[in-house]
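Here are some notes to go with the model, written for someone opening it for the first time. Have it on screen as you read.

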Amino acid sequence: TALQSLALQNNEFILKQAEYFAERITRETDATPQAATNRAFQLVFGRSPRPDESVAATGIINDQSLFTLCRMLLNANEFVYVD
């Protein structure tokens, strides 16, 4: 539901996990947006980003921050729900 999505996105635990996640990615990569995007997708989804996802994710890092991307990935349906 919409309320669940808002609660998950603004939850203090999720915000802290996104912060830890961004720190880990920074430690494990050369910190370029492309390298950070690739590592984040590998850790969260177990796969490389598709070309359109890569463009969008690097844009988010450039325009906002790696933390923002990490927060978004942790709230993605692909991460939250198991098919």
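**Notes on how the helices pack**

1. Start with one crossing: α2 passes α3 in a right-handed crossing (right-handed if the near helix is turned clockwise from the far one by less than a right angle, left-handed if anticlockwise). The residues that make this contact are F21, R24, I25 and E28 on the α2 side and A36, R39, A40, L43 and V44 on the α3 side, where contact means heavy atoms within 4.5 Å. Sorted by class, that is six nonpolar, no polar and three charged residues. Here Ala, Val, Leu, Ile, Met, Phe, Trp, Tyr, Cys and Pro count as nonpolar, Asp, Glu, Lys and Arg as charged, and the others, Gly among them, as polar.

2. Before going on, a word on what you are looking at: this is a predicted model, in which local features need pLDDT of at least 70 and side-chain atom pairs count only at pLDDT 80 or more, while totals for chains, interfaces and linings use all residues. Residues are numbered from 1 along each chain as its sequence is written, and side-chain values use heavy atoms, with hydrogens and water left out.

3. Now the overall layout. The protein chain has six helices and zero strands, so described because helices (H or I, at least four residues) and strands (E, at least two) are DSSP runs, numbered from the N terminus. Of its 83 residues, 33% count as buried (under 20% relative accessible area; exposed is over 50% and partly exposed in between, with a 1.4 Å probe and protein chains only). Among contacts between residues at least 6 apart in sequence, 53% join residues at least 24 apart.

4. Back to α2 and α3. Helix α2 covers residues 12–28 and helix α3 residues 33–45, and their axes come within 10 Å and cross at roughly 125 degrees. Axes are lines fitted to C-alpha atoms, for helices over the stretch in contact, and angles run from 0 to 180 degrees between N-to-C directions. The two helices are therefore oblique to each other (under 35 degrees is roughly parallel, over 145 roughly antiparallel, 65 to 115 roughly perpendicular, and the rest oblique).

5. R39 is worth a click. This residue sits in helix α3 and, at 27% relative accessibility, counts as partly exposed. Which residues does R39 touch, leaving aside its neighbours within four places in sequence? They are R24, I25, E28 and T29.

6. From α3, A36, T37, A40, F41, V44 and F45 meet L66, L69, L73 and L74 of α5. This contact divides into nine nonpolar, one polar and no charged residues.

7. Finally, α2 and α5 pack at an angle of about 120 degrees, with axes 8 Å apart, and are therefore oblique. The contact is made by I14, L15, Q17, A18, E19, F21, A22, I25 and T26 of α2 and L66, F67, C70, R71 and L74 of α5. By class there are ten nonpolar, two polar and two charged residues.
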